[in-house]
Amino acid sequence: MANASGFFTPSVPRLRSKIQPSIGVSRSGFCFSAGISRRVVCSSAIEGAEKHVSPSESRMPKLVSKGCKLVGCGSAVPSLSVSNDDLSKIVDTSDEWISVRTGIRNRRVMSGKESLKKLAVEAARKALEMADFDPNDLDLILMCTSTPEDIFGSAPQIQRELGCRNSPLAYDITAACSGFVLGLISAASHIRGGGFRNVLVIGADGLSRFVDWTDRGTCILFGDAAGAVLVQACDAEEDGLLSFDLHSDGEGGRHLGAPINDNETDELLGSNGSALDFPPKKSSYSCIQMNGKEVFRFAVRCVPQSIESALEKAGLVSGNVDWLLLHQANQRIIDAVATRLDFPQEKVISNLANYGNTSAASIPLALDEAVRSGKVKPGHTIAAAGFGAGLTWGSAIIRWG
Amino acid sequence: MAKASGFFTPSLRTKIQPSIGVSRSGFCLSEGIFKRVVCSSSIESAGTHVSSSQSRIPKLVNKGCKLVGCGSEVPSLSVSNDDLAKIVDTSDEWISVRTGIRNRRVISGKENLRNLAVEAAKKALKMANVEPDDLDLILLCTSTPEDIFGDAPKVQRELGCTKSQLAHDITAACSGFVLGLFSASCYIKGGGFRNVLVIGADVMSRFVDWTNRGTCILFGDAAGAVACDAEEDGLLSFDLHSDGEGARHLGAPINDNENGSVLEFPPNRSSYACVQMNGKEVFRFAVRCVPQSIESALEKAGLTASNIDWLLLHQANQRIIDAVATRLEFPPEKVISNLANYGNTSAASIPLALDEAVRSGKVKPGHTIVAAGFGAGLTWGSAVIRWG
């Protein structure tokens, strides 16, 4: 890739350098007329007061591809912890059965005034705090979730709760347990290809709301949580996303999902006496349904393949990688993948014993705990992989900090 | 942007063949060199497909996002204002004067979001002369999927893709399609993808309260799709925003189901409420923010309204469309509008209107279009695009 004069002042290679938006920085992108990039800020608020319009910018130097680096992380879990023994009081199961087959001992479940939005905001705040970063400098928020608190998505409300005043774009990515890895690649693509500079990626899910708590096959598996990572544009030499490998296969969709209910419609009679399907009854989503065996088989086959591919693209082998960080679905999946890839146990990050499968939150939640406990240090390389409903799966080789 | 040696033969609708070893999943950027490796896998062991890995190849720069095909699909059942007047207290005159809507399509029988999306996608691929397996990414922009985990992978499969191409949903209400186009552009320019299908599809009829005349008159079901490739840059500029402060004016929130037990465990299963809207506030938001966003996008592109061939807004309400067009000085003959027939189809509205305008011969290759979405979030945004 040609090295053109950079758009950004080459940042000091500190983990927590704050990238200040320069005057006239666009929060919304570039134009690419005739290869020249121009940036203009325009933002607006709903209320008439507090309108913020920055001066438009004259022609800028050419922008070339950037790198992106992960500079802060955070997580949040509900306060209510539900143990396997608690579950054995409401369904026919036991602590031994659950922990042997899944590795899960406890999970957190939202209660009272808790909400997914609050968890996401708390995780985000912690990530921004770690990076010493002002939310007003964010230019994009990606909320990776399948269980938003509004059918139209939750990201804009989180943006507002965070206190962002410059109306940065915020939207949801709906991709189940692969959501966070997709969110990271999406963030990197927005930075490298769309001119964004400070992207918050949140993985959050409240699956407890869509679980059948009378079904012992599924209710033992899931928990609620949120995790967040701040991704910043940087020079190519500091790039923290070394490679990725992402796939979907809808053929396996029947093995895992929470499909919409085909509600029977009221039988209105049309003028010729035939039944009409109008108006439709309101739809709702059923509880999570899963063929555990097929999903297990899928994971242990596709995830190692994907990681191997990502490693190869990065010119690395598992021996170069410091940590293996898989979506926290089942300890047996984690163990099988680690074994297949020759990752020793001490390099494998796992916290699902305490939280269960938190879907899109699981990777950033585990990452955050590993960073804050001092395990994962700046400069460490991590092979992260998500896999789940879709079916969708993917891996990324990332460098922390 | 540095002009690297072109990877693709330059022509309007050249089919971009994946070259040997082309990755469907991205690059690595070690030391600025791109390496591409194909890896794909399928669930059934019988169909496992692994392509040969690739040695280092010359540097590749994807030029941009070119729109090369479009398609759309609507349900067969058409519901007129008079039909609605039989179930709620309204009239054809009231609805058409205040909204411009006369009819809308509603799914029935075996119809669903996925089959609408697949049909729209097939038509787009056909126009673009692209095979499903030439795609490397499918973005499904919807707020009303058939599965809470998203529908893009199933659409991928039903389209006939066999190479496990990445497919994911974007949930961004009526701004979804513009965001999807923008996202496609970022994935192409910054992620190494080359053939991206962007689908906007919604079945709002499932989340509308059909006894509420304030909302049920507005919405319809549809799907639209656009095929993009990396050959040239057809996305000249963007301007995108969100403001969650306005969320209270428009949404379909999750029900806070009362649990009843002191422990609040286990939680009751949640469901989403019907679409709720403060029409007046949403109208005010749209007529203020959309022109501003379009002006910004035009400025970034170095253009003015008179350089633009078509104004293509999210089809929510004819009065919004008229107000925005007037404010930006777009003459009516340059304004694309089909909501009289389809109502507000959320993320589908822009690609549906685009498709009709292309197939009717109005929008021709080389025409410049300003497209703007706006809606729940609140989120809004505009893009200056070139068709073909």
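A cavity is a set of points, on a 1 Å grid over the protein atoms alone, where a 1.4 Å probe fits but cannot get out, and its lining residues have an atom within 4 Å of a point. This is a predicted model, in which local features need pLDDT of at least 70 and side-chain atom pairs count only at pLDDT 80 or more, while totals for chains, interfaces and linings use all residues. Residues are numbered from 1 along each chain as its sequence is written, and side-chain values use heavy atoms, with hydrogens and water left out.

**Cavities**
- The structure holds 12 cavities of 30 Å³ or more, a volume being the space filled by probe spheres set on the points, which are joined across faces, edges and corners.
- Residues of both chains line the largest cavity, among them A:Ser146, A:Tyr285, B:Ser143 and B:Tyr272.
- The second largest cavity has about 60 Å³, and its lining includes A:Asp150, A:Phe152, B:Leu250 and B:Ala376.

**Nonpolar cores**
- A nonpolar core is a set of buried Ala, Val, Leu, Ile, Met, Phe, Trp, Tyr and Cys residues joined through side-chain atoms within 4.5 Å, where buried means under 20% relative accessible area (1.4 Å probe, protein chains only).
- The largest nonpolar core has 105 residues, and A:Ile307, A:Leu326, A:Phe387, B:Ile294, B:Leu313 and B:Phe374 touch the most other members.
- A second, separate core has 84 residues, including A:Ala233 and B:Leu179.
- Beyond its neighbours within four places in sequence, A:Phe387 is in contact with residues including A:Cys177, A:Leu326 and A:Trp393, contact meaning heavy atoms within 4.5 Å.

Definitions and conventions. Chains are lettered from A and ligands numbered from 1 in the order in which they are written. On a 1 Å grid over the protein atoms alone, a cavity is a set of points where a 1.4 Å probe fits but cannot get out, and a pocket is an open set with protein on both sides within 12 Å along at least five of seven lines; lining residues have an atom within 4 Å of a point. Buried means under 20% relative accessible area, exposed over 50%, partly exposed in between (1.4 Å probe, protein chains only).
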